[in-house]
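Here's a quick tour of one model, taken chain by chain. Have the 3D view open while you read.

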Amino acid sequence: MSRRARVFLAVASLLVGVSVLLPLWRIDLIAPQYPEGLGLLISSHKIDGLKEGDLGSINNLNHYIGMAVIEPDEIPELRFMRPVFIVLAVGGLGIAALGRRLPAMLWMGAFAVVMLGGLADMYRWGYDYGHNLDPHAIIQVPGMSYQPPLIGSKQLLNFRATSWPASGGWLLALAGGLATAAIFFPGRTRQGSGAPAGHAVHVPPAAA
Amino acid sequence: MASSLIRRRLLPAAAAVVLAGVAYSCAGGKAGSGLTASDAATRVYVAPGSYDEMYAFMSGGFNGQVGVYGLPSGRRFKTIPVFSQYPENGYGYSEETKPMLNTSYGFVPWDDAHHPALSQTKGEDDGRWLFINGNNTPRVARIDLTRMETDEILEIPNAAGNHGSPFITENSEYVVASTRFSVPVPNRDVPIADYKKDFNGQVSFVVANDPGKMRIAFQLVMPGYDYDLAHAGKGPSHGWMFLTSYNTEQANSLLEVNASQNDKDFVAAINWKNLEACVKAGKARQVPATYYHNTVDSATRIAHSTVENTVTQLTPKDCPNSTYFLPTPKSPHGVNVDPTGEYIAAGGKLAALIPVHSFSKMIKAIEAKDFDGERDGIPVLKYESTLVGEVKSGGLGPLHTEFDDKGFAYTSFFISSEIVKWKVSSLEVVDRVPAYYSIGHLLVPGGGTSKPTGRYVIALNKITKDRYLGTGPELTQSAQLYDITGPKMKLLLDFPTEGEPHYAQAILASKIKDRQVKYFKLADNKHPNVSRSENETGVTRQGKVVHLRLTAIRSHFAPDNIEGIMLGDTVMFHVTNLEQDWDIPHGLGIMGNNNAELLIMPGETRTLRWVPQRVGIYPFYCTDFCSALHQEMQGYLRVSPPGSNVPLKGTLSKLAKTADNAAKK
């Protein structure tokens, strides 16, 4: 691997490492009664309210539509995602130090699997919360489900739900871009540092 | 003279009533300024969703509370219960708040609240606390401004009518509490005719900057006059407290005549730093006295009463160089120190002139011993030796003066019903506007501090008459907001006020609004009967007392069906609001409760006592419209005959379990 590719891979690995300290995804909920908004921050190992008390308030409001309680302790992914990220980060650093292309490509594959798997999993949980509703729910709107979008904004009864990557999610996107550049645009010898971030922002978040 | 003044000032005022809203300035005579109704409306208009520029805290007078208003809109936001029970939210009825109203006279659930005082740092309003006096049963309360709740009430012993209170020093070292009525000190059975021999006044200095630990640092026993209002020195005069006295005649009957004989009464100048030194030097005495100190524990939010047994007392004779009298015409009410700390304006409520004393002249006169005799060992300074001059006001009955940031003073005139603006440096009158009607105190936001805002003056009027739609014989009280940014005062707004605001304080909203508590953290709730989740609720019997530990969350109580209560039981509802969300209080109302209802703030536990009177089924329900299913937020209590074998239990339908799990989070 070229020096640049190794640096890119090392930085990508560090970003993956840092992302375990940051929220990956953010869901904002705005309603007429909630001009100040409610929100959730999804990290690799926990789900927090945007403000203290938000998770409880969201759960309490959700009981009206019969949505299951969001219980971070009962979501197994939150127990193993973080170790997976750390393994990826440490492994990536090791491969960057080693400087061989094949392990780097394997790492890239693993990274892609984890990212896409994570997004798919988040979608699955969102689908599950949004569709598996208590048949005794207080408010029942025929045909209505309450799955928040993965990315974007959607009106769910009185709430507008907006879902978007948070800081950790953007770092992962950047890591994906850097790793892609390291493998597919490794450079040769002493090229300037260029603008790797320029590549990264063009990578669709879904592909990150 | 008075009648000609009234004619001169009030008749144009009456005309203005007719023309109100059209062109105030045309009717206001000398106040003419070309301000149209729409100009005025624009100045006080706060667009929907926008915020007022200032908070105003107005005493409720005979309602014993504090009203919170916005300026310049005059919109009322809240009543803060202080000295009076407030069935709307259970203050003074709930077990947690009842101790707040304990006094050495027992439970006194009302008072007459006159003078709010914002806490200060370096002579500026700092927005931490608001203090207010209970005039009737002598008390001083401290209100926390992050919650706008009364946190502490200290009774003042040896006082009778805590009127001259709680005026605050520039770093909130003390609030003063002086007695209106002189009484025997200590109070005892004596002939009233022995007033001159046996009756005394007192001035207490209450430590104000130690929340939860308000205490009387010392009590100065004064001659048996009536003490009225006070104001602390500031800047160069920091360390002094000035207070007015009347009835220096020492009459004990028909005071309206007998206490109005002397041409001059006194402003007392008290050097409290010297008093501190005298106390430290052991010149004061510990005197037995019984008085209550009520405080709220921040972890449990339960009020507790402590009975104090002694007070530190001294007389001016014990501490020479601490107390002086400044002769002042006539039966003065207000005494006010200008922002520089140099000028002291007094308002002789039967006078036409406003005497202005100089602090530096007073110090020189004291040093030169320029005395005109003494009263009870207190040197009386010569009137001329402290006087800068007299404002030839042209009005009658000056009561109270506040200051702006441009060197002007604004004095209220009760009898001639007007505000007179005068220049402090020259004592010349520069403007006057009528007040509708009979203004008492006035308020310039920050006008009692070193940093007045100079935007508005607010008249707190005693008489309303024809200013609003009639409401039977009892009319609303009224405030009036005037613009003072220009050379002429301009009336912008009349707004009704609740109770009878005697005095008010106002502060820039920016000093308070971002520190408002939105809810109490459930995790920090250390109430002994808290239920932090529905799993922690329960019903227990202790002899004839049944404790119900309930939770409230949108939109149900848990448990909501309670059986096994027997006639003769006392039922204690301990309700915890599980919400951790802004603006979601829940209420509790029980059919036929002889007590009150409750409002329970999010994360808070409150206890309401209920003694059922008859056998049968009693509904209880949430009284604060909390959610779309508020109307479903109800429960049933079953009250059985004494000795029946209905087991005590509280139940909740299983379908509520989802919500319970939600509540846990």
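What follows covers chain A and then the domains of chain B. Keep in mind that this is a predicted model.

## Chain A: the overall layout

Let's start with the secondary structure. Chain A has six helices and five strands. Walk along the sequence and they come up as α-β-β-β-α-α-α-β-β-α-α.

How much of chain A is buried? Of its 208 residues, 34% count as buried. As for contacts between residues at least 6 apart in sequence, 65% of those in chain A link residues at least 24 apart.

## Chain A: helix 5

Helix 5 of chain A runs over residues 167–184, and its 18 residues should span 26 Å at 1.5 Å a residue.

Is helix 5 of chain A enclosed or open? Here a residue is buried if 20 or more other C-beta atoms lie within 10 Å of its own. By that count 14 of the 18 residues of helix 5 in chain A are buried, so this helix is largely enclosed by the rest of the structure.

On to chain B, where the domain assignment gives domain 1 as 83–224 + 284–318 and domain 2 as 522–664. Their C-alpha centres lie 36 Å apart.

Which residues make the contact? Domain 1 of chain B puts in eleven residues, and domain 2 of chain B puts in 14. On the domain 1 side of chain B, the touching residues split into four nonpolar, four polar and three charged.

Methods. Residues are numbered from 1 along each chain as its sequence is written. Chains are lettered from A and ligands numbered from 1 in the order in which they are written. This is a predicted model: local features need pLDDT of at least 70, side-chain atom pairs count only at pLDDT 80 or more; totals for chains, interfaces and linings use all residues. Domain bounds come from an automatic or database domain assignment. Two residues are in contact if their C-beta atoms, placed from the backbone, lie within 7 Å. Ala, Val, Leu, Ile, Met, Phe, Trp, Tyr, Cys and Pro count as nonpolar, Asp, Glu, Lys and Arg as charged, and the others, Gly among them, as polar. Helices (H or I, at least four residues) and strands (E, at least two) are DSSP runs, numbered from the N terminus. A residue is buried if 20 or more other C-beta atoms lie within 10 Å of its own, exposed if 12 or fewer, and partly exposed in between; C-beta atoms are placed from the backbone. The expected span of a helix is 1.5 Å times one less than its number of residues.
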